[in-house]
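Here is a short report on a two-chain model. Look through the sequence and structure first, then read on.

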Amino acid sequence: MQTDLATQLTLVFPELLVAFGAVVLLLTGTFSRTNSYAAIAWLAVTILVIATVLLIVFPQSGVVFGNALIIDSFSRFMKILTLISAFIVLVMSVGFSRSEKFDKFEFPVLILLATLGMMLMISVGNMLSLYLALELQSLALYVLAAIDRTNLRSAEAGVKYFVLGAFSSGVLLYGISLLYGYTGHIDFAGISKAFSIQELQLGMIFGIIFIFVGLAFKISAVPFHMWTPDVYEGAPTPVTAFFASASKVASIALIVRVIMSVFNSEISAKIAILQTPAVWQQIIIFLALSSMLLGAFAGIGQYNIKRLMAYSSITHMGYILVGLAEGTSIGVQSVIIYVIIYVAMTLGCFAFILAMNNREGYVENIYDLSGLAKSNPFMATIMTLHLFSLASIPPLAGFFGKWYTFSAAVGGNFVPLAVVGMLASVISAFYYLRMIKIMWFDELRGNFLTTPIELQLILALSGIFVLFYIFFGIWITSWAEIAARSLI
Amino acid sequence: MLTGPAAVFFYFFSLIMVASAVMVVAVRNPVHSVLFLILTFFNAAALFLLAGAEFLAMILLIVYVGAVAILFLFVVMMLDVGFIELRRRSFKYMPIGVLIGFLLLAELIIIFLSSSFSSKFSAVVSAPIDMVTRSNTQALGDVLYTDYAFYFEVGGIILLVAMIGVIVLTLHHRTGIKRQSIAEQVSRTSETAIEIKKVESNKGI
């Protein structure tokens, strides 16, 4: 399907807007004589909002630049989610970056460029654009992790993320080159066709494994999770929120697209006769099982709330992969629903972490929350809602996320996965409930400063989402269904 | 498969390349290490030439030898990095590194022996190079700015991000230092630059 350039450019208009916006804001910041951080940050928020509105109002579909980008309702849906989380992160970061003295205008510009990379990641159509989009996003994230350069831990987080990320990109690239060598294609359609006409050769299997290593690193699935706790702890809190929300959405979308449009067409006599799972399914099942269990057990010993969120996100990635293991449209639908709920809960939790500041600065130890219910019942109630939702207590949103992914797994005859998932969620409930206990039943240990209005707003919104998901979840389910269908 | 003199040169350059790559890691002096790296790049360029990719060969020389390796050399000579100490610590991890390296090598050999490359891929690799009608550079340029314009642009944005990142992470705005302002220097006249004072005899200023 060849379309003329003008039509192709309208298809990627939101991406173009973000790219040009980033460059214009960069130039504005460079040439303005005063510290223009606040103005640039709000302009960046405006750009993201406009791009979101464009995506919502003008749904489009098509293939752009040969087969570099695929614009369909799945990509539209995930892009909206990424853009919303990016702009919430920017709103959250304004107060924090000023008090931590990294209020440089490059910060919103880098967030915009990383968001651009994520938007490209969500709609990639061949291995070349996959690699480029992933690098664009990762490079911006490495810099963001280290942006508070006077802080030693932030610099350490940046270096650690950079070294491991570069290594995983290398492995990914090697996998892509193996697939190219053994199939002769780099576009998803071509590779998928090569998979569907012949039994997989050993070289192709290695290609798939190497590609999964690179992608699993990005979603921090066990055993490629080692960087997560350190980077989450060291990076400035808004940046950590960005890692945990927008970046995870984009990486999950990328994995879903690669699996559904490439690996899912694998044929083999073994699958047909012996009913064994396909190669990619075996990998996904392993990643899901180990992520769920390790995240649940390792989180128990964590007293730093950001490290705790890191292990929590590892577990949640495991639950998401459970939904993906079957490789059907229902599975993808459950993944989309889970990602939405996960993003809402994560952004709420990070808004809460950003609100945890007393006179000595921002605190991160969970015992600093002691007796919060007495000093600030509003915050304690909202956070309790979020924690119950993360522990998937019905009727909160988190419960429905797991319900969909686990029922997708059960429907695809992956009952053991669902059982292990439930066990893991019982274990991880311990560290969520411990925080609730600290907030409500421990002695008061000093007050926090008043929460800025934007954080209160974000907390209230995500609280409403988590609490009342049961009433409007039905619409989200049907949107997710439309998005999932476009992939098949 | 290569035959005749091309094969001789291929094995010659490959051998030197692998040997000098080993030397990069093995030699004690970091400056020698960089020099061996340059030798590796030269041999890689020669291999590109053998494959008929003269543009890539020249780019490799200009970019990697001309810029990157020289930059490395500067860094090694100017920065006081404790290479000896680094090396001593890295020896501790040597056995496991060698083990993993050999495992990977064995796996790769198994892959290449057991699977066969796609016929389409082999056709691309062994296609004759049409040097008469247009050069390599022209052929690359033809697709780079048309079919691959999108990838080219994204590559540009990635470089922009790298540039922003370097500046954000390393630039310190120091206040109170004197900077050169050429406009100010040029616009000076004798009236603004010199102050004439009448000095009475037998007295200082």
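Predicted model: local features only at pLDDT ≥ 70, side-chain atom pairs only at ≥ 80, totals over all residues.

Residues are numbered from 1 along each chain as its sequence is written, while chains are lettered from A and ligands numbered from 1 in the order in which they are written.

**Confidence and chain B**

The model scores ipTM 0.92 and pTM 0.90. Chain B has a mean pLDDT of 84, and 90% of its residues reach 70 or more. Its elements are 10 helices and 0 strands. Buried residues make up 10% of its 205 residues. A residue is buried if 20 or more other C-beta atoms lie within 10 Å of its own, exposed if 12 or fewer, and partly exposed in between, with C-beta atoms placed from the backbone. Two residues are in contact if their C-beta atoms, placed from the backbone, lie within 7 Å. Among contacts in chain B between residues at least 6 apart in sequence, 52% join residues at least 24 apart.

**The interface**

In all, 21 residues of chain B are in contact with 32 residues of chain A. On the chain B side, the elements giving two or more residues are helix H5 (94-114), helix H6 (119-125) and helix H8 (149-170). H8(B) provides the largest share, 12 residues. By class, this side has 14 nonpolar, 5 polar and 2 charged residues. Ala, Val, Leu, Ile, Met, Phe, Trp, Tyr, Cys and Pro count as nonpolar, Asp, Glu, Lys and Arg as charged, and the others, Gly among them, as polar.

B:Ser115 lies in the loop between H5 and H6 of chain B. It counts as partly exposed because it has 19 C-beta neighbours inside 10 Å. Leaving aside neighbours within four places in sequence, B:Ser115 is in contact with A:Tyr182, A:Gln201, A:Leu202 and A:Gly203.

Two packed helices are described by the angle between their axes and the distance between the axes. Axes are lines fitted to C-alpha atoms, for helices over the stretch in contact, and angles run from 0 to 180 degrees between N-to-C directions.

| Helix pair | Angle | Axis distance |
|---|---|---|
| H2(A) (13-31) and H3(A) (37-57) | about 170 degrees | 10 Å |
| H4(A) (73-99) and H20(A) (453-485) | about 175 degrees | 14 Å |

H2(A) is therefore roughly antiparallel to H3(A). H4(A) is likewise roughly antiparallel to H20(A). The cut-offs are under 35 degrees for roughly parallel, over 145 for roughly antiparallel and 65 to 115 for roughly perpendicular, with the rest oblique.

The H2(A) contact with H3(A) has 13 nonpolar, 3 polar and no charged residues. The H4(A) contact with H20(A) has 11 nonpolar, 1 polar and 1 charged residues. Residues making the latter include A:Phe74 and A:Phe77 of H4(A), and A:Ile458 and A:Trp479 of H20(A).

**Nonpolar cores**

A nonpolar core is a set of buried Ala, Val, Leu, Ile, Met, Phe, Trp, Tyr and Cys residues joined through C-beta atoms within 7 Å. The largest has 207 residues, of which A:Leu113, A:Leu136 and A:Val339 touch the most other members. Helix H15 (329-355) of chain A gives the most to this core, 20 residues. Apart from it lies another core, of 11 residues, among them B:Leu37 and B:Phe48.

**Backbone details in chain A**

The peptide bond from A:Val222 to A:Pro223 is cis, with omega near 5 degrees. A:Pro223 is in the loop between helix H9 (202-218) and helix H10 (227-234). Another cis peptide bond joins A:Pro394 and A:Pro395, with omega about 5 degrees.

Which value does phi take in A:Ser392? It is near 55 degrees, a positive value in a residue other than glycine. A:Ser392 is found in the loop between H17 and H18 of chain A. With 25 other C-beta atoms within 10 Å, A:Ser392 is buried.

Methods:
Helix = DSSP H or I, 4+ residues; strand = E, 2+ residues; numbered from the N terminus. pLDDT = per-residue confidence, 0-100.
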